[in-house]
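The entries below record what I looked up, topic by topic.

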Amino acid sequence: MKTILFNKTECGVDFLLNVIHDSGIAQSYMLSETHNADYFEIIVFKKGNGCVYIDNRKIEIKSNSILFISPYQLKKWEVNIEALDFTILIFKEEFLNEFLNDKLFTYKLLYFYQYDHPMRLDLDFEKIQGTCNILQEIKSELVSPNLDSAHIIRSLIYYVLHRLNRDYANQNHLPFQIDTSNYAYAFKKLLEEHIKEKQRIEDYSDLLGISRITLNKAVKKQFHQTATQLLKNRLLTEIKNELLYSNKTISEIAFGLGYSEPNHMMRFFKKQTGFTASEFQSSYQNGSLS
C-alpha cells in the first residue's frame with residue numbers, strides 16, 4: 001500500500017504545512033487506489049462530487065463541505081477531480097504541536113481521530129468562502145515569507161482550526177469545553193499509539209499514572225462517553241481495517257491484536273456491529289455499508 005509523505009519542497013519554506021489549490025498537484029493526493037498519508041488533511045470543497053472511502057466508511061463529497069482526515073487513515077477516492085473546486089490544508093502533527101507549543105493540540109480538535117461522528121462538516125457558502133480566504137492568506141505567507149510570517153501563520157492557523165472545531169461541535173451536538181487536566185486528550189493519543197497491543201483501560205491508566213476512575217471521569221466529562229466506549233470504538237475500527245485491507249486470516253488479526261482466541265475477537269465484533277466477519281466484508285464490497 002502506498003503511503004504519501006509530506007513534501008516540504010512544494011511550499012519552499014521550512015514549514016511542515018502547506019495549502020494546495022491546484023487540481024494538477026491534487027491528482028497526486030486523491031488517488032483511486034487504497035493509500036494513506038503521514039499528515040493531517042483538511043479539504044474545503046466549494047464544489048463536490050463523487051465519494052471517498054476513509055477506513056471503512058463511505059463519505060459523499062458535497063459542495064460547501066469540509067472533510068477531515070487524520071494521519072495514516074486508509075482512503076480511496078472516487079471523484080472527478082476536474083469537476084471539483086477545493087482547497088487542501090495539510091500539516092504534520094509534530095510541526096503543529098511544536099508550532100503552537102501544545103503536544104496534545106491535535107487531540108483537542110474534535111474532528112480529528114474521530115470514530116463516532118462524521119468526518120465531514122457542512123457549512124453555508126459564506127463560511128466556506130471565509131475559510132478559503134484564510135487558507136489563501138496562509139499560502140501567501142508560505143510562498144512569499146517575511147520576517148513576521150511565522151507569527152501571522154500561527155495566528156491564522158490557530159484561529160481557523162478552532163473556528164472549525166466550534167462549528168463541528170455545533171453540527172454534531174458535541175460537548176465543547178477544555179479538559180484542564182489533559183487526561184482525556186492524552187488517552188486519545190495513547191489509543192492511537194498502542195491500540196494494537198493494549199486493549200484494557202488499566203493499561204492506559206497505568207501509562208498516565210492515574211486511577212481508572214480518574215481517567216473515566218475525565219473522558220466522560222470531555223467526550224460524554226466512557227473510556228471503555230472510546231477504546232471499543234477505536235479497537236473496532238482497527239479490526240474493520242484489518243478485515244477490509246489486509247490479507248490476514250481471522251486468526252492472524254486476532255493474535256496480532258492480543259486476543260488469546262480468534263473467537264473472542266469475533267464475539268466482540270459481532271456484538272458491536274451485528275455482523276460476522278464474512279458478512280461485514282461482503283456488505284462492504286457490495287456497497288451496502290456507509
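**Ground rules**

I note that this is a predicted model, in which local features need pLDDT of at least 70 and side-chain atom pairs count only at pLDDT 80 or more, while totals for chains, interfaces and linings use all residues. Residues are numbered from 1 along each chain as its sequence is written, and side-chain values use heavy atoms, with hydrogens and water left out.

I took helices (H or I, at least four residues) and strands (E, at least two) as DSSP runs, numbered from the N terminus. I counted a residue as buried under 20% relative accessible area, exposed over 50% and partly exposed in between, with a 1.4 Å probe and protein chains only. Two strands pair if DSSP finds at least two bridges between them.

I looked up strand 4 and found 6 of its 8 residues buried, so that the strand is mostly covered by this definition. Strand 4 pairs with strand 9 (residues 85-91) in the antiparallel sense, over 7 bridges. In that pairing, Lys 47 has Asp 85 of strand 9 as its bridge partner. Strand 4 also runs antiparallel to strand 7 (residues 65-69), with 5 bridges joining the two.

**Aromatic rings**

Rings of Phe, Tyr and Trp (its six-membered ring) pair if their centres lie within 6.5 Å; planes under 30 degrees apart count as stacked, over 60 as edge-to-face and the rest as tilted. I found 20 aromatic pairs in the structure. One of them joins Phe 40 and Tyr 113, whose ring centres are 5.7 Å apart and whose planes stand at 85°, so the pair is edge-to-face. Phe 40 belongs to strand 4 (residues 40-47) and Tyr 113 to the loop between helix 2 and strand 10 (120-122), so the pair ties together parts 73 residues apart in sequence. Phe 40 is buried at 0% relative accessibility, and Tyr 113 is buried at 7%.

**Charges over rings**

A charge sits over a ring if NZ of Lys or CZ of Arg is within 6 Å of the ring centre and within 35 degrees of the ring normal. I recorded Lys 76 with its charged end over the ring of Tyr 53, 5.2 Å from the centre. Arg 154 places its charged end over the ring of Phe 99, 4.3 Å from the centre.

**Salt bridges**

Side chains of opposite charge can pair when their charged atoms come close. I used the rule that a salt bridge is a side-chain nitrogen of Lys or Arg within 4 Å of a carboxyl oxygen of Asp or Glu. The count by this rule is 15 salt bridges.

Which parts does the salt bridge of Lys 189 and Glu 93 tie together? Their closest N and O atoms are 3.9 Å apart. Lys 189 lies in helix 5 (residues 183-194) and Glu 93 in helix 2 (residues 93-99), so the pair ties together parts that are 96 residues apart in sequence. Lys 189 is partly exposed at 23% relative accessibility, whereas Glu 93 is buried at 15%.

Lys 108 and Asp 102 form another salt bridge, with 2.8 Å between the closest N and O atoms. Both of these residues are buried. For Glu 242 and Lys 248 the closest N and O atoms of the salt bridge are 3.3 Å apart. Glu 242 is buried at 12%, while Lys 248 is partly exposed at 42%. I also found Glu 192, Lys 196, Arg 234 and Glu 238 linked in a network of salt bridges.

**Helix 8**

Helix 8 (residues 227-245) has 19 residues and reaches 27 Å from its first C-alpha to its last, close to the 27 Å expected at 1.5 Å a residue; the expected span is 1.5 Å times one less than the number of residues. Of its 19 residues, 14 are buried.

Gly 50 lies in the loop between strand 4 and strand 5 (51-54) and is partly exposed at 30%. I noted that Gly 50 and Thr 214 are 164 residues apart in sequence and 44 Å apart in space, C-alpha to C-alpha.
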